[in-house]
Amino acid sequence: MIGSKDYSLFNKALKKELAVGGRVIIILNSGGGNFPVALKIADRINKLNKQGFNIETSSIYCHSACFFIAVAGSKRNVLYSDHVLDRK
């Protein structure tokens, strides 16, 4: 779940990856969570992509607030186990 501390954790991890250079792939595995934090993370990804960085997202399991992070990537991958709707 996306929590209140995840934006700072995301920035810390992202800073390390951007220092190395190249593309960054963010693997998402979340049932949702804190909506404002997810929007802040998505906004950060969008801004970096507009600055010329290549931040991609891949989702294994991504629902609710996680969706906004998933669609922020410059390239978006949905892995086979992801699903949009549960069909019963």
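Trainee: Let me start with one residue. Is N34 buried, exposed or partly exposed?
Mentor: N34 counts as partly exposed, because its relative accessibility is 26%. Keep in mind that this is a predicted model.

Trainee: Where is N34 found?
Mentor: N34 is in the loop between β1 and α2.

Trainee: And what is N34 in contact with, leaving aside its neighbours within four places in sequence?
Mentor: I2, G3, S4 and A65. There is also a C-alpha distance to look at: N34 and C66 are separated by 8.9 Å. Along the chain those two are 32 residues apart.

Trainee: Let me zoom out. How many helices and strands are in the chain?
Mentor: There are 3 helices and 3 strands. Read along the sequence, they follow the pattern α-β-α-β-α-β.

Trainee: What share of the chain is buried?
Mentor: Buried residues make up 34% of the 88 residues.

Trainee: Among contacts between residues at least 6 apart in sequence, what share joins residues at least 24 apart?
Mentor: That share is 69%.

Trainee: Now the helices. How do the axes of α1 and α2 cross?
Mentor: Helix α1 covers residues 6-20 and helix α2 covers residues 35-50. Their axes come within 9 Å and cross at roughly 25 degrees. Angles under 35 degrees count as roughly parallel, so α1 and α2 are roughly parallel to each other.

Trainee: Is that crossing left-handed or right-handed?
Mentor: α1 passes α2 in a right-handed crossing.

Trainee: Which residues make the contact?
Mentor: On the α1 side, D6, Y7, F10, N11, L14 and L18. On the α2 side, V37, K40, I41, R44, I45 and L48.

Trainee: How do those residues divide into nonpolar, polar and charged?
Mentor: The contact of α1 with α2 has 8 nonpolar, 1 polar and 3 charged residues.

Trainee: Next topic, the core. How many residues does the largest nonpolar core have?
Mentor: It has 19 residues. Those with the most contacts inside that core are I2, I26, L28, I45, I55 and I69.

Trainee: Which elements give two or more residues to this core?
Mentor: α1, β1 (24-30), α2, β2 (55-62) and α3 (66-70). The most comes from α2, with 6 residues.

Trainee: What does A42 touch beyond residues up to four places away in sequence?
Mentor: F68, I69 and A72. From A42 to A72 the C-alpha distance is 5.4 Å, and the two are 30 residues apart in sequence.

Trainee: One last stop, S64. Where does S64 lie?
Mentor: S64 lies in the loop between β2 and α3. S64 is exposed, at 53% relative accessible area.

Trainee: What is phi of S64 near?
Mentor: Phi of S64 is near 55 degrees. That is a positive value in a residue other than glycine.

Technical notes:
Residues numbered from 1 in each chain as written. Predicted model: local features only at pLDDT ≥ 70, side-chain atom pairs only at ≥ 80, totals over all residues. Heavy atoms only, no water. Axes fitted to C-alpha atoms, helices over the stretch in contact; angles between N-to-C directions. Helix = DSSP H or I, 4+ residues; strand = E, 2+ residues; numbered from the N terminus. Parallel < 35°, antiparallel > 145°, perpendicular 65-115°, else oblique. Left-handed = near helix turned anticlockwise from the far one by under 90°. Contact = heavy atoms within 4.5 Å. Nonpolar A, V, L, I, M, F, W, Y, C, P; charged D, E, K, R; others polar. Core = buried A, V, L, I, M, F, W, Y, C linked by side-chain atoms within 4.5 Å. Buried < 20%, exposed > 50% of the residue type's maximum accessible area, 1.4 Å probe, protein only.
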